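My entries follow in the order of looking.

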Amino acid sequence: MTAEVRTTCPYCGVGCGVLATPDGKGGAAIAGDAEHPANYGRLCSKGSALGETLSLDDRLLHPQLNGERVSWDAALGTVAAELQRIAGAHGPESVAFYLSGQLLTEDYYVANKLAKGFVGTPHVETNSRLCMSSAVAAHRRAFGSDTVPGCYEDLDEADLIVLVGSNTAWCHPVLFRRMADAKAKRGTKFVVIDPRRTQTGQEADLFLGLKPGSDVALFSGLLVHLTENGFSDRAFVEEHTAGLDGALDRARQIAPSLQATAAATGLAEADIAAFYDLFARTRRVVTAFSMGVNQSVQGTDKGNAIINCHLVTGRIGGVGQGPFSLTGQPNAMGGREVGGLSNMLAAHMHFAPEEVDRVRRYWAAPRIITGEGMKAVALFEAVRAGRIKALWVMGTNPIVSMPRADHVREAIRGLDLLVVSDIMANADTAREKARTTVLLPAQGWGEKDGTVTNSERRISRQRRFLPIPGEARPDWAVLAEVGRRLGHGKAFDWPSVAAVFREHAGLSAYENGGTRDFDLGGLTDIADSAYAASGPVQWPLPKRGGPKPRLFADGRFYTFDRRARFVAVQPPGLAEAAGGDHPFVLNTGRVRDHWHTMTRTGKSQRLSAHRAVPFVEIHPEDAAARGLSEGGIARVSTVHGSAELEVMVTDAVATGQLFMPMHWNAAYASAARVGALVRGVPDPVSGQPELKATPAAIEAVAYRARGFVLSRTEVPMPEGWWWAKAAIPGGWGVQFATQDGSREVALALRGLIQTGGLELAEYADHARGRYRCAVYDGSRLVASIAVAPSDARPDWEAAKALFAADEPEAAERRALLSGRAATEAAGPVVCACHGVGLDVIAATIRAGAGSVEAVGAACKAGTNCGSCIPEIRKLLTVETAKAA
Amino acid sequence: MPTPRLDTATPDSRATDGAPRERLVVVGNGMASLRFLEHLTEGCPGRFDVTCIGAEPRAAYNRVLLSSLLGGEIDEGATAFRGLDWYEAHGIRLITGAPVTAIDRENGLAIVGETHILPFDRLVLAVGSLPIRLPKPGMDLPGVITFRDLADVAAIRKAAVQHARAIVIGGGLLGLEAAAGLSRLGIDTTLLHVMDRLMERQLDHPAAGLVRRAMEARGVKVILSADTAAVEGEGKVERLVLADGTVLPADLVVVSVGVRPSVALAQAAGLATNRGILVDDRMATSDPRIFALGECAEHRGLVYGLVEPAYEQADALARHLAGEGGEYRGTHLSTSLKISGLPVFSAGLVDTPADAEAVTLFDPGAGLYRKLLLREGRLVGAVFVGDIAEQAACKALIRSGDPVGDVDDLMFGRPAPQPLAA
C-alpha cells in the first residue's frame, strides 16, 4: 500500500493541489487536495485525467547524439564541448536557451544562472513570452515590478468579475468554479469581453463581443467615463499615482464618447453603457485577463488600459478588487521570479548597474551579462540568420507553438548545436536535426521534484511519486553538470534540489530590504526536511513579516517614487488588418480538455473525446457564402502557412472571424500546427507576439472519402491523406480524409495494420465507395476501419464504444460492419471526467432532469470538474425548448 | 406366380352426379407427389378417383430431414407428413412398396410388376431421381452407400458402428448433410469434394469457406479438389484412393455426387425425354394424358433438384387439373436452407460477372457472409450465410427486376423502427 503524495497539477496557472496515490505499476490515482488553497479539493477534467497521461509510450528515456543512443557522459561531454567551442569561436552571445513554463523554479534558476552568469549570454528566453509577457510588462510599467496584486480569494469576494480575453470556463476551470460559487453565494456579476462567445461568454451576465484588438478603446472609454462621472478616487490618485493626465488625454483621443467607443469596438452603446455603469458602481471588482489581452501586438497597452481603470478608482490591493493576470502555465510565475526571460536578469532584478553588480557578487559570476537579450520572436529570427549557433530547448515545442513555425523549423535545422531536453521523443522539436543534435531525457510530472508558483504568487511543491523511467534526470542537475564541465564546479555544486531553492530564495532576499517585491527571505535557510514537507506558501515572504495575500493596499508601489503609473496607451489596432486575399481574422486558443501541443494530454482518451479533431469555427453566414458545411474539411491559409481543419459552424464566432485551436502537433494531425499560420508581430514593449489576429483565408477542400481507423496500437496514415489522431478507450483513433477510393483505402489500411494471424471481417461496397473492416484477434476486436464518400462520412461513436468493450457480441460485430448502432450510442463526450456523452445527457433531460444539478444526479455529468456545465446548460435550453 | 390384379374402380367411384369419375393415377409418393395430392384434393375434392403408388415402403416423408435423422437429432416419426388416415379421408388409394414397372399408354394402364394393373384416364409421373454412383472401381463393394432415402439412412446407421471411419463423397447439400449427420454420431468423417469449394453451384468462395468452417467445427474433415480414383477392399470397403495417390482408410463410403432423373419408365412408354421427362407449362408430357413433375421432369430445358420448384410444379398441375388454368413458367432458382443448423441462402447469380458490382459483408468469426450482386441498381444475385433474414426481399427483387432502394437495408436488415420523439 503506497501512501498518497501531495503535489501540484502541471497544467494551467491556477496551480491546483493534487493528491497522487501511485499504484505501483507506473500509474497513479489522482484526486484534488482538499487542503490546497488554490482548489480546495477540486480538479478540472485535465487534472482529473492526469493518471491517464503517465504512460511511458513515446517517452524519451535515454540520451541521444545525432539519433544514436549514447551515455549521459558522452551526451553532456558533447554539449559542454560544443558550447565552449561555439562560445569561443562566435562569442557567448551565439548561445541561447529557450525554456518553458513547464520547468520547475529550480530548473529555471540553474539555467538562468548558467547562461547569464557563466556562459555569458543574455539570450535566455521562454515560452512564457508567448503567454504572459505583456502582463509582466504592464505590471512593471504600472507598479514598477512584476507584481500580481491580488489573490484567488478576491474572486470569492468580488461583486463584479470582468473577464477580458479569457475563456476561464475552459482554460482555468477551477477558478471559474470559484467565480460561479461567488455568483451563487453573493450574486457576483460576470462581464465577459471577448470577440468570440466562448463557453465563458455564455455564462456572462453581460457579454461584450467586441472587434478583435479593440480592447484598448473599451477600457479607455471606461477611464474617461470613470473620471468624468465622479467615480475616481481622488485621494488615492493624488497620493499614490502619477501620470493620470497624460493617460486621460490619450484615452479621450481614443474613446471620447460612447458613440466613439461603440464605433471603435463594434459594440452597442447600450451594452457599453451597461458595462461602464456596472463597473463604476461596484467597488469590489476584479478584472481578470488572459491570452486575449496578452497575445497581442498591443498586449502591454491592453493590460495598462485595464490597470488604469483600477488605479483611477483605487480598486487595487483591497479584498475583492484588482487587475488579475491569469497565467496559462504551471510555472510561468516561477520563471518570472527567477528571471528566466531575456529582458530580466534574475529575481525581479533587471539591468540597473547596481542590480547587475549585486547578482554578479551573489553568484560570483565571471561573465555576468549587462543588458537584455533577444525576445522569442527575435531570437528565432537570429537563429534563422545564423547569429545564434547553439540552442538549448527545454520542455517546450517551438516548432508548433512559435509563430511562423515553419520558419522556426527551418531555422533550427541550421544550428550548429541543438540540445533538446524533453520527456517526449515524438515532440516535433525533438524530432528535428541540426548539425549536432543532443536529446536529453527529462523527468516528467510525478518524477521530478521542486517548486512551482501559481497565478496568485503561491509557491507549491511538485513531488515525485513515480519511479524514474530510463535514464531521465532532473533538468537542474543536468544544467549543473554542464556548468561543472564548463569549469564552474563551485557555482554549480548543489547536493539537492532544496539547496538550489535556498540559493534562489537567498538571491531574492539579497540586499533587498523591501525594495523588491519578490522576497523569499523567510525561506533562505529552509532545511531539506522542511523543504520536503513544505506546503503551499505565498510571496512576498520576507525574513520578518509573514506572507502577504495582497499587495499595494498601502498604496506603495515599487517605482522609485513608490507611486503607481498611469500609462498613456496607443490607439487600438491589429498588427495586420484583414482584407484582400485574407479577409478573415484568425483567432487561436485552447480547447477545454487539451493542453499546449498535446504531447501529454494527447495520451488521455478522456481528454481526447471532447474534441477529437482539429477544427475551425466559422460563422454560419460566412460558411454558407463559402460553401463550407459542418464537419467538412477546410483549408485555412495565411501568408505564412496553412492548415486543414474540420469545419465547425457556430455563431460563437462573429462574421469575418475564424477560430482554430492551438494544440494539434504533427504527431496528432497532418496539417493543424497553429504556429505555421500566425505571423506573430511582437508587442513593442513586451515582445509578446500577436497570435490571435492573423489575416486568413478559408476554402473548402473536397476530399473524395472520409473515414476512421480504430486500433490498439498507433497506425501511421499514408502520405497525402488528411488525418487527426486521438487517444480513445482501449487504443487510438484516427479520422482521415483522402482522394483515394474505398478500394485503395482498404488495401492501404489493411497493409498498415499488421493483420498477419488476425481475422478480418469486412463490408465492401466499392461501387458506392464504402468499406468497413473489423480486425479480430480471436474474439477480441483489435482494429476497426470505416470509409465512405465525404458526404456520408462515417460516425465513429458506436464503433468506439464497441472497441472499448473489447469483445463484441454477434449483433455488435454486425453493427461494426453496418455502421448502424446495435445499441444506442452515447454521442460525443460532453463530460470528460465521467465520460458522459451528449445523447445521454439529452436523454436525461428529456426524462425530466430540469437543472444542471438534476442532470448531475442522474448521470454524473458535470459533477466533477464542472467545466462542462455551460454545455449542459445549453443542452437544457435546447431540450426544454424542443419539449415546449 | 400371382396373377396381376386388375384394379377397377372402387364402389364409390362415381361422382355425386352419378357420372363415372376420371381415374387419376399418381406414380411416386415423394414430396412433390404429396404436395400435388394436397392441392388437388383442396382445389377439386372428389373430382378424381385417385390412386397413388409409391416405390418406397412408407408414405411420403420429409426427405430434407434425412440428415437430421441420420445424425440422431430426430426419430423416423418426425419425418412423416401425412398419416394413412389422411389419404383415406381424402379418398386416395395409396399403394406403397410397389414400383410401377410399365405404362401401357394404349390401354391406359399403369402396371406394377406382377401385382397390380391400374387403369388410368390421367397419369402423373412423380418418380423423382436416382442417386448417381461414380463410374469408378469398387463402387459396388459392400459399405458403399448412397444417401437418398430412409433405407439409405438405415444402411448408413448400420455401418456406422463405433470407431468406424466414414468418407462422404460429394460436397453438395446432401453430402454436407450426410457428413454432418455422421459426425454427429461420433463417426470419424471425411468429406471429399471434387471442386475447389463446397456447393459451388450455390455458393461463391467466401460463402463456401464459411460452410467449410462450419463443417469443420462440427468435426468433419474436408478435402477439396479431391478426385476419387477407386474404392478398394477385400469383400468390403477398406480404403479410398484419390487420383493424386492419397489413400484414405474407410469403413463406410457415402456417395452423394448428384442425382439422375428417373426416366426409364417414361422412355419405355415412348414418352419424349431428354435428361428428364419433357413437359410443357401445364406439366404435360408428349402424351397429353400423362403429366410429370418434380425431379424427373424437364421443363424448358431445366431439371430441378430442389423442393421449391417441385412444389411450384405440383401447385401448377393441381390447378390445371382442377380447371383453374394453372401454368408453370419455371422457378427462379434459389436455395434457402440450413446446413446442419447453418442458414444458407443463394439466389440468382453466384459468381460476380464483369458487368455487375458486388456488395459484400464477411465476418468469418461470426459465421456471417452476405453478397449482393447489382447490375445497374438491380439485384441479380444474392448469397447469404449465417443469417438469411432478408432472403424473401432478395428473391422478390431478383424476380421483379425492380431497382433496389436501400442497399444497406437489404444488407443489414431494416433498422428497428425508432420510437417517435416525445
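**Entry 1: chain B against chain A**

I began with the contact between the two chains, bearing in mind that this is a predicted model. I looked up how many residues each chain brings. The contact takes 15 residues from chain B and 16 residues from chain A.

Next I asked which elements of chain B supply at least two residues of the side that touches chain A. They are strand S24 (357–363) and helix H10 (407–412) of chain B. S24(B) gives the most to that side, with six residues.

I then sorted the side of chain B that touches chain A by class. I noted ten nonpolar residues, two polar and three charged.

**Entry 2: a strand pair across the chains**

I followed S24(B) over to chain A. There, strand S30 (residues 759–765) of chain A pairs with S24(B). The sense is antiparallel, and the pair has three bridges. I picked out one residue, A:Glu762, and looked for its bridge partner in S24(B). The partner is B:Phe362.

**Entry 3: chain B as a whole**

I stayed with chain B and listed its elements. Chain B has ten helices and 26 strands. Along the principal axes, its C-alpha trace spans about 70 × 65 × 40 Å.

I wanted to know what radius of gyration a compact globule of 422 residues would have.

Of the 422 residues of chain B, 45% count as buried. Then I took the contacts in chain B between residues at least 6 apart in sequence. Of these, 63% join residues at least 24 apart.

**Entry 4: domains of chain A**

Domain 1 covers 5–53, and domain 2 is written as 64–131 + 331–535. Domain 3 covers 139–325. Domain 4 is 584–701, domain 5 is 705–818 and domain 6 is 829–883.

I looked at domain 3 and domain 6 of chain A together. Their C-alpha centres lie 32 Å apart. Their contact takes seven residues from domain 3 of chain A and six residues from domain 6 of chain A.

On the domain 3 side, I listed the elements that give two or more residues: helix H6 (168–171), helix H7 (173–186) and helix H8 (199–202) of chain A. By class, that side has three nonpolar, two polar and two charged residues.

**Entry 5: a barrel in chain A**

I traced a barrel in chain A. Six strands close it, in the order S21-S25-S22-S24-S23-S26. The pairing is mixed. Neighbouring strands of this sheet are turned by 45° against each other on average, direction ignored.

I took a closer look at one pair. Strand S22 (residues 615–618) and strand S25 (residues 657–661) of chain A run antiparallel, joined by two bridges. Here A:Glu617 stands opposite A:Phe659 in S25(A).

**Entry 6: A:Pro10**

I ended on a single residue. A:Pro10 is in the loop between strand S1 (5–8) and strand S2 (17–22) of chain A. Is A:Pro10 buried or exposed? I counted 24 C-beta neighbours inside 10 Å, so A:Pro10 counts as buried; the cut-off is 20 or more.

Which residues does A:Pro10 touch, leaving out those up to four places away in sequence? I found A:Gln102, A:Pro330 and A:Trp445.

Last, I took the distance from A:Pro10 to A:Ile526. The two are 516 residues apart in sequence and 24 Å apart in space, C-alpha to C-alpha.

Conventions: Residues numbered from 1 in each chain as written. Chains lettered and ligands numbered in written order. Predicted model: local features only at pLDDT ≥ 70, side-chain atom pairs only at ≥ 80, totals over all residues. Domains from an automatic or database assignment. Contact = placed C-beta atoms within 7 Å. Helix = DSSP H or I, 4+ residues; strand = E, 2+ residues; numbered from the N terminus. Nonpolar A, V, L, I, M, F, W, Y, C, P; charged D, E, K, R; others polar. Pairing = 2+ DSSP bridges. Rg over C-alpha atoms; globule rule 2.2 N^0.38 Å. Buried ≥ 20, exposed ≤ 12 C-beta atoms within 10 Å, placed from the backbone. Axes fitted to C-alpha atoms, helices over the stretch in contact; angles between N-to-C directions.
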